[in-house]
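I opened my notebook to see what I could learn from a structure by looking up one thing at a time. Here is what I wrote down as I went.

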Amino acid sequence: MNKLMKKTLISAVLIAVTFALYQNFTLMPEYRGLNEGISDYIITYGLNDTGSLNLITAVLYDYRAFDSLGESTVIFGAVSGIVLILSRKMLPVSSKGLSFIVKRTLGIITPFIALFGFYVISHGHLSPGGGFQGGVILAAISIIFSIVYGSAFDYRRYSPQTKTVLETVGALIFLGIGLAGIVMEGAFLSNLGFLTAEKGTLISAGSIPYINIGVGFKVGAGLAIIFYSMIQKTFEEDF
Amino acid sequence: MAILEIILLVFLIFSAVMAVRFDEELISIIFLSIFSLILTALYLLHKAADVALAEAVIGAGLNTAIFMSAISQIRHGDSD
């Protein structure tokens with residue numbers, strides 16, 4: 001009897017969900033081809049509206065900036081959950097790292113990797129890339145440090161507290177620009193008009209470069225924190 | 001261009017099947033990394049440079065490192 005009731009309940013819920021989804025999809029507008037609709041509008045007017053040469057960045061941080069804010073919130077939630085579950089207040093796995101030659105070579109190469117990361121972040125509105133990709137490149141530096149120099153090195157240089165501060169600063173930059181949009185332009189995360197300059201120059205496209213910088217700091221620090229929480233020691237006797 | 005695309009697609013499917021079929025986790029992770037690399041080349045062929053950059057950085061770089069650290073933790077637990 002109980003089993004039968006459970007089955008009836010499950011099928012009733014499934015049928016209700018199916019009906020609701022069907023109703024939802026009937027409300028969607030019909031497909032009208034690629035020559036009409038929002039994509040054509042963005043390709044035609046995107047450069048004039050936002051001043052960003054890279055239309056993907058224009059969509060991500062201007063037209064759909066609220067979605068990007070949601071993405072950042074998802075990453076923040078993931079970092080918080082992983083740190084809550086995995087952090088043990090111990091030093092991470094201490095290893096001696098690789099050989100002398102690899103260490104010296106990485107010491108020469110690392111500034112160029114960091115430069116490339118900052119380039120991808122700051123030129124997000126001009127060339128392919130943006131805050132997210134550049135942030136992951138910056139997080140990769142931290143991972144390479146832990147592999148080559150041994151994991152205690154990066155822990156001592158840039159402690160998790162520093163990374164937490166960086167992540168918070170990135171999120172506050174994003175939110176601050178959104179609130180400045182309310183005050184100056186009348187809508188949340190609206191593009192700030194007084195920051196626009198000649199198209200194609202480095203400091204142009206309104207608030208898009210600054211949002212890029214905020215997202216880059218946030219993603220880089222967040223992913224580095226995730227990696228460091230995952231390689232921490234589990235057993236005390238292995239110190 | 002078309003021939004290059006077909007070759008890349010064949011290798012993409014091959015690496016995906018290999019990543020599933022191997023029992024050894026390390027080889028699976030390496031094949032997953034190769035999968036991401038081939039996918040990056042395919043994105044570049046279709047002129048989607050933004051997605052290609054994200055795929056190369058996250059799929060081939062970050063995922064591999066995080067999976068490796070997870071695997072090392074699991075092995076450590078087994079050996080005890």
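**Entry 1: chain A.** I read chain A from the N terminus and wrote down its elements as α-α-α-α-α-α-α-α-α. The tally for chain A is 9 helices and 0 strands.

**Entry 2: the scores.** I looked up the overall scores and found ipTM 0.79 and pTM 0.77. For chain B, the mean pLDDT is 85, and 91% of the residues of chain B reach 70 or more. A reminder to myself: where pLDDT is low, the predicted coordinates should not be read in detail.

**Entry 3: inside chain A.** How much of chain A is buried? I found that buried residues make up 31% of its 239 residues. Next I turned to the contacts in chain A with a separation of 6 or more, and 74% of them come from residues 24 or more positions apart.

**Entry 4: chain B.** Along the sequence, chain B follows the pattern α-α-α. Its radius of gyration is 15 Å, well over the 12 Å that the globule rule gives for 80 residues, so chain B is more spread out than a compact globule. I also looked up the span of its C-alpha trace along the principal axes, which is about 55 × 25 × 10 Å.

Of the 80 residues in chain B, 19% count as buried. Taking contacts in chain B between residues at least 6 apart in sequence, I noted that 40% join residues at least 24 apart.

Entry 5: Most residues other than glycine have a negative phi. Lys47(B) is not a glycine, yet its phi is positive, at about 60°. Where does Lys47(B) sit? I found it in the loop between α2 (25–45) and α3 (49–79) of chain B. Is Lys47(B) buried or exposed? Lys47(B) has 7 other C-beta atoms within 10 Å, and a residue with 12 or fewer counts as exposed, so Lys47(B) is exposed.

**Entry 6: where the chains meet.** How many residues of chain B are in contact with chain A? I wrote down 13 residues of chain B, in contact with 15 residues of chain A. On the side of chain B that touches chain A, the residues divide into 9 nonpolar, 3 polar and 1 charged.

Note on methods
Residues numbered from 1 in each chain as written. Chains lettered and ligands numbered in written order. Predicted model: local features only at pLDDT ≥ 70, side-chain atom pairs only at ≥ 80, totals over all residues. Contact = placed C-beta atoms within 7 Å. Nonpolar A, V, L, I, M, F, W, Y, C, P; charged D, E, K, R; others polar. pLDDT = per-residue confidence, 0-100. Helix = DSSP H or I, 4+ residues; strand = E, 2+ residues; numbered from the N terminus. Buried ≥ 20, exposed ≤ 12 C-beta atoms within 10 Å, placed from the backbone. Rg over C-alpha atoms; globule rule 2.2 N^0.38 Å.
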